[in-house]
Each structure stands twice: as structure tokens, then as C-alpha cells.
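I opened this entry to keep a record of what I looked up, going from one chain to the interface and then to single residues.

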Amino acid sequence: MRRAALVLATVLAVPGWVSAQSAVDQKRPAAPDGTVSIENMSGTIKVTGWDRAEVQVKGTVGSGGELSFEGTGKIMHIEIEADHNPMGIRSDLEVYVPAASTVEIEGFQATITAIGVTGSVKAETVNGSITQSGAAKNVELQSVNGDVDVTKANGRVKAESVNGSVVLHDASGELEASTVHGKLHVLGGSWQRAEMESVAGTVRFEAAISPRATVSIETVSGAVQLLLPAGVGAEFAVSSFSGHITNDLGPAATKPGKWTPQTELNFTTGSGGARVTVETLSGAIEIRKRP
Amino acid sequence: MTCQELDLRLDDWLDGALTGDAAREVESHLAGCAACRERERELRQLLAHAAALPRSLAPSRDLWPEIAERTSGGWSSWLVWGAHGFQPVALAAAAAVVLGLAALVFTRLAPERVRTVTMPAASPSATTFVAGGSAADPVLAQAEREYEEAAKALLEALQRHRGLLPAEDLARVESNLQVIDRALAEVREALVKDPANPELNRMLVATHRKKVDVLRRVVRLSTAL
């Protein structure tokens, strides 16, 4: 009897969505460069770009939720509609879209992944990571409590996280990125414009820059590590109110006046051309040659 | 060097245009003259205003279009504001007041140093303004108050929607807001030591902006549920 009660208790303890999830698998014809918007408040959303002129949605929808898949051709909308608080309905979706699509994804307690989309990827979630990979021309990713990871995007990139990190691998183009206290790393790739801000997180920029690039990094207390190719031609304007500045590419930092603790560093490498600005309040700044 | 002679050279000295003996004469006079040190401090502050404001006092690159859209007919994601009494119009108007005040200050005090920048406005037409400030002066203090008011309104909105957000998410958000508040305190402390520092002026406003951005995003997402 005690064993039966234990089994019953175990069964009752299984979350409702586990036992009541329903499988979905739908597809519709789509334009090769249309817009696909996806809303799934809780669970996972994985979007994959493919070479077919159709959108396919597969996965599982939690109890109390229903898949809404509307539109044809240029504009399509996929949403998990809920008859109560959508936070309690966990759905896991795999969405296949024409690679050149514009994809707009919104989650809340959702982990978002976008692979192989060459058009635009715009994604936002509160509690979950966002991972993008592929040569998207326009990427805009924002998470509150999750990490943001961008790989090989090639165009305009905007990446922000409040509580998590932002890391870019081998991406190129124009960047705006920010964190509060998570790390912000730009690793590889080549940039025409890069604006990076963090309140207390470490900012590391280890990438190539184009001849007339503008790169700016600003933190309050976060450390800054700037690793550039030895032959880079750029004008540098570096300053920190109370942080230490280390420079392997040129002269040492100096104090601009007797009545300020600030240290500054202004110098030019090669024939100039690019413009690099770094400002911190108390974060240490390191300027190194990229290995 | 007399105080009048220093007056003529102070500007160039601050710009770094004086070197060698000329610079040393200015420094020597400043070291022994409290009145001229005060003038130097004021001039540094003024230069900091001019350098800081065009980049820093502009509200967030995301905030302006939303305020503008709200004032010209509304956007559904901002309904929470209207429903609970927050008035972005007032914020935009207050920002315009700040900028107008700053323009007046700079036009009167240092017309040759004023930088003019055209910014997106809350109204359909662009507003041209000039300004700047540090926390020690009324201009930046007013800007700080505007950001603080916006943050307060957002915090209240967030408070009203606490039930929609998991407790651990709220805790993380609050933890990050504390990081930002500590950073603000750190910048203010540095500004006490060096009130005319343009980088610090920019940093102060940028950090305020970050706080408002974070709150705005969390409120918008939580009310979208």
C-alpha cells in the first residue's frame, strides 16, 4: 500500500506539460526573403535557415497551449497561444525558414537558437540564452538573464545582455554591444565600426579593424583588453580616471594635469586611419599586440 | 604673470596649446592664485559641458523613437505607462527644458565654445540644442533628476508586475541594478574630485541611460505576457 501511494505521488508530481504535451508538424509555402515572426514564451526555439521556399514548424506544445501558424508568402507568424499564463506552458519548437528570411523571435523563459539564417535575426528573451550562427546581414539580440553568442554574422550586429555575457566569434561589419557586468568579448572577424559598453564587465576586443574603422569601448569599472594586429594603422585616444593603462603598441600613459588623477594616452600607429577610443573610470586598460 | 595675463592664456593652456616656459608660467601663477584656480576650474567645467553633452545628454538611442511614437499616437507596448500615470511626454518635455537651459547657459557664458547638435525630438520637428554639465552644476543635476524620475517610474511599473516574473529573475535584475547604482556612486565620487572631466560627465549620463534601458526592457517584456 505504501509503495502504491509512493507511485501515485510520483505520477502526480510530474509536471502537467510533460504528460500533456502535443506534437506539432506543419509547413507552409513561403517567399525566399519574407518575414517570419515567432513567439514562444517558455521553452526553446530553434530556427534553422534552409534552401526551401517553405516554413516548417516541428516540436511539442505544452498543455494549455496551441500552435498558431498564420500567413503565407512574405509574412508569416508562429505563436504559442495560451489560455492562461503562458509562463506555465513549455513548448519546444524547431522552425525551418528560407535562409534569406527576416526572423523575429520573442521569448520569455525561452532559449533561442538561430542557425544558417543569412537575412536578419532579431531575438529577445528574458530568461534564456540566445545563440546565432551563420552569415546573417542584420543581427539584433537582447537577453536579460542569459548569454548572447554570435558567430560569423556579417553586417550590422547589435547584442546586449543585462545579467549574462555577450561573445562574438569571427563576425564582421558594424557592432553595438553592451553588458552590465557580464563579459563582452569580440573574438576574431574584422570590423568597420564597433561600439562596446559595459558597466562592470570585462571588455575584450581581439579582432581586425578596417583601415577607416571606428572602435569605441567604455566601461565604468570593467577591465578592457584590446588586442590588435601589430601593423594596425590607427589613432588611439585612451583614458582612465583611476585605472592602470598598459600599452604595448606605443608610448606609456601620462597624466594630463596636476589636479586630476586621470591618465591618458594619445598616439598613432602606422599611418593612422582608424580611430580607437577607450574610456574607463576605474577599469584597467591593456593594449596588446594580437598574437 | 598677472591675473589679466593669465586670463588671456588660460584658454590656450587648457587646450594644451602652450608648452615650455609659457605653460610653466601659467602653472606657476595658478599654483599661487586661488582666484585664478577657481576660474580655471570653471573653465574646465565649461569645456567639459561642451564636450560631454552632445553625446551624453541625448536620451538612449532606443528611447527617443519610442517617446516620439508615444507622443504622436502611442505604441501598444507603452500602454503600461499611460495606465499607471507615467508620462513620457513630460519626460521628453523635461529633457527639452534641460537642453534649452543648457543652451542658454552656454550661449551666455562661452559662445565661442558652443557645439551645436541636431537631435531627434519628441515633436515631429528636430530640436537644435547645445548643452553640457556635471553633477555639480544645475544642468547635469537636472539631467540626472530626469533619468532618476524615469527609473523610478519604471521601478514602480516593475513592482506592479512582480507577480508575472519569477522571483529568481527579479533577483537577478535587482542585482544588476545594484551594480549600476554602485557604478553611478563611483562616477559621482570621481566627479567630486574632478568635476570638469568630460569623460566622467559622459560616463555619468551613459550609466543613467543604461539603468533606464535595463528597466525599460524588463518592464516591456514582463507586461507583454
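This is a predicted model: local features need pLDDT of at least 70, side-chain atom pairs count only at pLDDT 80 or more; totals for chains, interfaces and linings use all residues.

**Entry 1, chain B.** I began with chain B, where I counted nine helices and two strands, taking helices (H or I, at least four residues) and strands (E, at least two) as DSSP runs numbered from the N terminus. Along the sequence the order reads α-α-α-α-α-α-β-β-α-α-α. For my own bookkeeping, residues are numbered from 1 along each chain as its sequence is written, chains are lettered from A and ligands numbered from 1 in the order in which they are written, and side-chain values use heavy atoms, with hydrogens and water left out.

I then looked up burial in chain B: 50% of its 225 residues count as buried, where buried means under 20% relative accessible area, exposed over 50% and partly exposed in between, with a 1.4 Å probe and protein chains only. The chain exposes about 10400 Å², of which carbon and sulfur atoms supply 54%; these accessible areas come from the Shrake-Rupley method with a 1.4 Å probe, and for residues only the protein chains shown count as cover. Among contacts (heavy atoms within 4.5 Å) in chain B between residues at least 6 apart in sequence, 71% join residues at least 24 apart.

**Entry 2, the interface.** How many residues of each chain are in contact across the interface of chain A and chain B? I found 40 residues of chain A in contact with 40 residues of chain B. The two chains bury about 3400 Å² between them, 58% of it on carbon and sulfur atoms, the buried area being the accessible area (1.4 Å probe) that two parts lose on being put together, summed over both.

For polar pairing I noted 11 residue pairs in polar contact across the interface, both residues at pLDDT 80 or more; the rule asks for N or O atoms within 3.5 Å, and within protein one must be able to donate a hydrogen and the other to accept it, while residues adjacent in sequence count only if both atoms are side-chain atoms. The strands of chain A that each supply at least two residues to the side touching chain B include β6 (102-115), β11 (154-161), β15 (203-219) and β20 (274-280). By class, that side has 14 nonpolar, 17 polar and nine charged residues, with Ala, Val, Leu, Ile, Met, Phe, Trp, Tyr, Cys and Pro counted as nonpolar, Asp, Glu, Lys and Arg as charged, and the others, Gly among them, as polar.

Three salt bridges cross the interface, each a side-chain nitrogen of Lys or Arg within 4 Å of a carboxyl oxygen of Asp or Glu. One of them joins the side chains of Glu160(A) and Arg217(B) at 2.5 Å, N to O.

Arg202(B) lies in helix α9 (residues 198-223) of chain B, and its side chain makes a polar contact of 2.7 Å with the side chain of Glu279(A). I put Arg202(B) among the buried residues because its relative accessibility is 11%.

Gly146(A) sits in the loop between β9 and β10 (148-151) of chain A, and it is buried, with a relative accessible area of 4%. Leaving aside neighbours within four places in sequence, its contacts include Val126(A), Gly128(A) and Ser161(A).

Last, I checked backbone angles: Lys152(A), a residue other than glycine, has a positive phi near 65 degrees, and it counts as partly exposed at 48% relative accessibility.
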